[in-house]
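Reader: I have a structure to go through with you. Can we take it in short questions, one feature at a time?

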Amino acid sequence: MIQKRVSKGDAAAIKTLGDGYCHGELGLAKDVPQAVELWTEAAELGSLDAHHNHGATYYTGDGVEEDKPRGVHYWQQAAMKGGVESRHSLGGVEYENGNYELAAQHFMISAKMGFEMSLNAIKGMFKEGHATKAQYAEALLRYRDAVEETKSPQREEAKRLGF
């Protein structure tokens, strides 16, 4: 099924096939260069998740030569287009570099988009004294608002059914 969607240029399917090669899943042999090639295609078709995967692969050097600036570049591209995981990853980079104010800004943006890991990151920064009480309170409120906006009877039913 995935191959059929890949042949039609479906960005999500191409990204999924790339994931399969990256992790040696879906009956595929692990082949990170093939994964990167597929993610490149998916990213060109608009997949923010493919951009994120590119960033993570290069930033960590998982199966490719580590290239942190290149990884950050991919995350920045996705974050500018609304990629919440990439925005969160940029916050992590800034936090690692001791740029706590910039890290908090990245985490705030993705928390406001409903990304729970970023809310938890702001909470951790607050506990460590790297974020203010006001920042944490704002993140809580905006996260709650984002989650409320995405609630629907259909989503609740899907959750109940385990999807």
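Reader: Which helix holds both Asp19 and Lys15, and how many residues apart are they?

Author: This is a predicted model. Asp19 and Lys15 are four residues apart, about one turn of the helix. Both belong to helix H2.

Reader: How far apart are the closest N and O atoms of Asp19 and Lys15?

Author: Side chains of opposite charge can pair when their charged atoms come close. Asp19 and Lys15 form a salt bridge. The cut-off for such a bridge is 4 Å. Here the closest N and O atoms are separated by 2.4 Å.

Reader: Is Asp19 buried or exposed?

Author: Buried means under 20% relative accessible area. Asp19 has a relative accessible area of 15%, so Asp19 is buried.

Reader: Which side chain does Asp19 join through a polar contact of 2.8 Å?

Author: Leave aside the neighbours within four places in sequence. Asp19 is then in contact with Trp39 and Asn53. The polar contact of 2.8 Å joins the side chain of Asp19 to that of Asn53.

Reader: What span should helix H2 have, and what is the distance between its end C-alpha atoms?

Author: Helix H2 covers residues 11–23, which makes 13 residues. At 1.5 Å a residue, the helix should span 18 Å. The expected span uses one less than the number of residues. The end C-alpha atoms agree with it, being 18 Å apart.

Reader: How many residues of H2 are buried?

Author: The buried set includes Ala11, Ile14, Leu17 and Tyr21. Lys15 and Asp19 are also among them. H2 is largely enclosed by the rest of the structure, because the buried residues number 10 of the 13.

Reader: Which residue caps the N-terminal end of H2?

Author: Look for a side-chain oxygen beside a backbone nitrogen. That oxygen lies 2.9 Å from the backbone nitrogen of Ala12. The residue that caps this end is Asp10.

Reader: Which residue follows H2, and what is its phi?

Author: The residue after H2 is Gly24. Its phi is positive, near 65°.

Reader: Which residues does Leu45 touch, not counting those up to four places away in sequence?

Author: Leu45 lies in the loop between H3 and H4. Leu45 is partly exposed, at 45% relative accessible area. Its C-alpha atom is 9.4 Å from that of Ile14, 31 residues apart along the chain. The residues it touches are Gly9, Ala11 and Ile14.

Reader: Which helices are linked by the pair Glu138 and Lys112?

Author: Glu138 and Lys112 form a salt bridge, the closest N and O atoms being 3.1 Å apart. The pair links distant parts of the chain, 26 residues apart. Glu138 lies in helix H9, and Lys112 in helix H7.

Reader: Which side chain of opposite charge is nearest to Glu94, and how far away?

Author: Glu94 is found in helix H6, residues 84–96. Its contacts, leaving aside neighbours within four places in sequence, are Asn99, Leu102, Ala103 and His106. Glu94 is buried yet has no salt bridge. The nearest side chain of opposite charge is Arg87, 9.2 Å away.

Reader: How far apart are the centres of domain 1 and domain 2?

Author: Domain 1 covers 1–81 and domain 2 covers 83–162. Taken over C-alpha atoms, their centres are separated by 24 Å.

Key:
Residues numbered from 1 in each chain as written. Predicted model: local features only at pLDDT ≥ 70, side-chain atom pairs only at ≥ 80, totals over all residues. Heavy atoms only, no water. Helix = DSSP H or I, 4+ residues; strand = E, 2+ residues; numbered from the N terminus. Buried < 20%, exposed > 50% of the residue type's maximum accessible area, 1.4 Å probe, protein only. Polar contact = N/O pair within 3.5 Å; in protein donor to acceptor, adjacent residues only side chain to side chain. Lys, Arg positive; Asp, Glu negative; His and termini not counted. Contact = heavy atoms within 4.5 Å. Domains from an automatic or database assignment.
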